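Hi everyone, thanks for coming. Let me put the structure up, and then I'll walk you through it.

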Amino acid sequence: MGPPAERDEGWFTSLYAAEYAHIVRYGLRRLADGDAAVELAQEVFVVAWRRRVEVPDRGLPWLYGVARRLLANQWRTRRGAPDLLPISDVELARLGGSSGADTTVGVADLRAALATLAEIDQEILRLVGWEELTVSEAAKVLGCTRATAAVRLHRARRRLVEAMADRPTQSRRRPVLVTIREDL
């Protein structure tokens with residue numbers, strides 16, 4: 001018994017075209033290099049093709065769930081913490097296609113505060129904040145009920161606010177890039 005007729009190559013191509021960039025960005029936010037994020041996206045879509053009968057009509061949360069489980073398997077295999085993605089405000093200015101949340105002045109502070117939270121708190125905040133999922137969709141990714149995800153989100157937001165309050169405020173002055181002329 002094969003997949004339904006509507007889950008053919010055309011269906012997969014349209015799913016891939018619509019969601020590939022989202023999955024790569026998901027990986028970029030969790031991995032230290034772009035190649036690893038692209039490789040993660042490729043693995044996610046291999047799973048999506050193999051399990052295409054199980055992919056719901058709104059497939060992005062399901063794909064995020066697959067990506068999350070693949071990353072968890074990789075991290076368990078390495079038996080170490082995932083590599084952190086160092087990022088500065090100057091690097092942010094060069095990132096193309098960053099969402100509005102990634103281009104604000106306090107991203108470095110936010111990332112530092114986020115890193116102090118438990119992994120489950122980080123994940124629910126990333127799914128709702130950066131991946132722009134609804135609480136119901138995030139619940140599907142996490143494999144829990146909507147009510148549980150809503151409670152986790154509420155608690156994670158409270159913990160993030162507390163972590164941000166514990167951080168000293170950074171100077172709001174932006175660095176100025178200058179060129180030195182040697183003919184002076």
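So, what pattern does the chain follow, read along the sequence? It goes α-α-α-α-α-α-α-α, with 8 helices and 0 strands. Helices (H or I, at least four residues) and strands (E, at least two) are DSSP runs here, numbered from the N terminus.

Some housekeeping. This is a predicted model, so local features need pLDDT of at least 70 and side-chain atom pairs count only at pLDDT 80 or more, while totals for chains, interfaces and linings use all residues. Residues are numbered from 1 along each chain as its sequence is written, and side-chain values use heavy atoms, with hydrogens and water left out.

Now the overall picture. The chain has 184 residues, and 35% of them count as buried; buried means under 20% relative accessible area, exposed over 50%, partly exposed in between, with a 1.4 Å probe and protein chains only. Take contacts, meaning heavy atoms within 4.5 Å: among those in the chain with a separation of 6 or more, 64% are between residues 24 or more positions apart.

Let's look at the rings. Phe, Tyr and Trp rings (for Trp, the six-membered one) pair if their centres lie within 6.5 Å; planes under 30 degrees apart are stacked, over 60 edge-to-face, and the rest tilted. That rule gives 8 aromatic pairs. One of them is Phe-12 with Trp-49, edge-to-face, at 5.3 Å centre to centre and 75° between the planes. Phe-12 sits in helix H1 (residues 9-28) and Trp-49 in helix H2 (residues 34-50), so this pair ties together parts 37 residues apart in sequence. Phe-12 is buried, at 18% relative accessible area, whereas Trp-49 is partly exposed at 31%.

Then there's Tyr-26 with Tyr-64: centres 5.0 Å apart, planes at 25°, so that pair is stacked. Tyr-26 is in H1 and Tyr-64 in helix H3 (residues 60-78), so here parts 38 residues apart in sequence are tied together. Both tyrosines, Tyr-26 and Tyr-64, are buried.

Arg-30 lies over the face of Tyr-26, 3.6 Å from the ring centre, and Arg-52 has its charged end over Trp-49, 3.8 Å from the centre.

Last stop, helix H6 (residues 119-130): 9 of its 12 residues are buried, so the rest of the structure largely encloses it. Among the buried ones are Ile-124, Leu-125 and Trp-130.

Note on methods. A charge sits over a ring if NZ of Lys or CZ of Arg is within 6 Å of the ring centre and within 35 degrees of the ring normal.
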